[in-house]
Amino acid sequence: MSSSPRVTGGAAEFQRNYGVPLDPDYPNMLYGIDAKRSLIAKAVVSRDGIRTSFLPVLIDRQLRPEILQASALIVTS
């Protein structure tokens with residue numbers, strides 16, 4: 001993931017096969033413009049039981065997940 005930015009044949013093939021536009025700001029992300037949005041599963045295990053939740057993340061340009069804060073999730077019209 002630390003290689004120089006380039007679009008490989010794999011990215012072009014993925015785009016051709018699935019019709020997904022690639023994001024030029026993310027040249028190392030081969031799965032289209034929406035691949036930068038993801039989730040991290042969270043599980044808290046205690047004597048009271050197991051609690052599960054999901055944390056929304058945005059993948060940065062170095063392909064590292066960045067957990068989004070609640071203020072970033074508010075959609076205004």
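**Figure 1. Strand 2 and strand 3 pair in the antiparallel sense.** Three bridges link these two strands of the predicted model. Two strands count as paired if DSSP finds at least two bridges between them. Valine 57 faces isoleucine 67 of strand 3. The two strands form a hairpin with five residues between them, and in this hairpin leucine 63 adopts a positive phi near 65 degrees. This is a predicted model, in which local features need pLDDT of at least 70 and side-chain atom pairs count only at pLDDT 80 or more, while totals for chains, interfaces and linings use all residues. Residues are numbered from 1 along each chain as its sequence is written, and side-chain values use heavy atoms, with hydrogens and water left out.

**Figure 2. Strand 1 and strand 2 run antiparallel.** Ten bridges join strand 1 to strand 2, which covers residues 49-59. Among the facing residues, alanine 43 stands opposite threonine 52 of strand 2. Lysine 42 has serine 53 of strand 2 as its bridge partner. The two strands form a hairpin, with two residues between them.

Figure 3. Strands of a sheet pair through backbone hydrogen bonds, either parallel or antiparallel.

**Figure 4. The protein contains one helix and three strands.** From the N terminus on, the elements follow the order α-β-β-β. Helices (H or I, at least four residues) and strands (E, at least two) are DSSP runs, numbered from the N terminus. Of the 77 residues, 13% count as buried, that is, under 20% relative accessible area with a 1.4 Å probe and protein chains only. Among contacts (heavy atoms within 4.5 Å) with a separation of 6 or more, 16% involve residues 24 or more positions apart.

Definitions and conventions: Buried means under 20% relative accessible area, exposed over 50%, partly exposed in between (1.4 Å probe, protein chains only).
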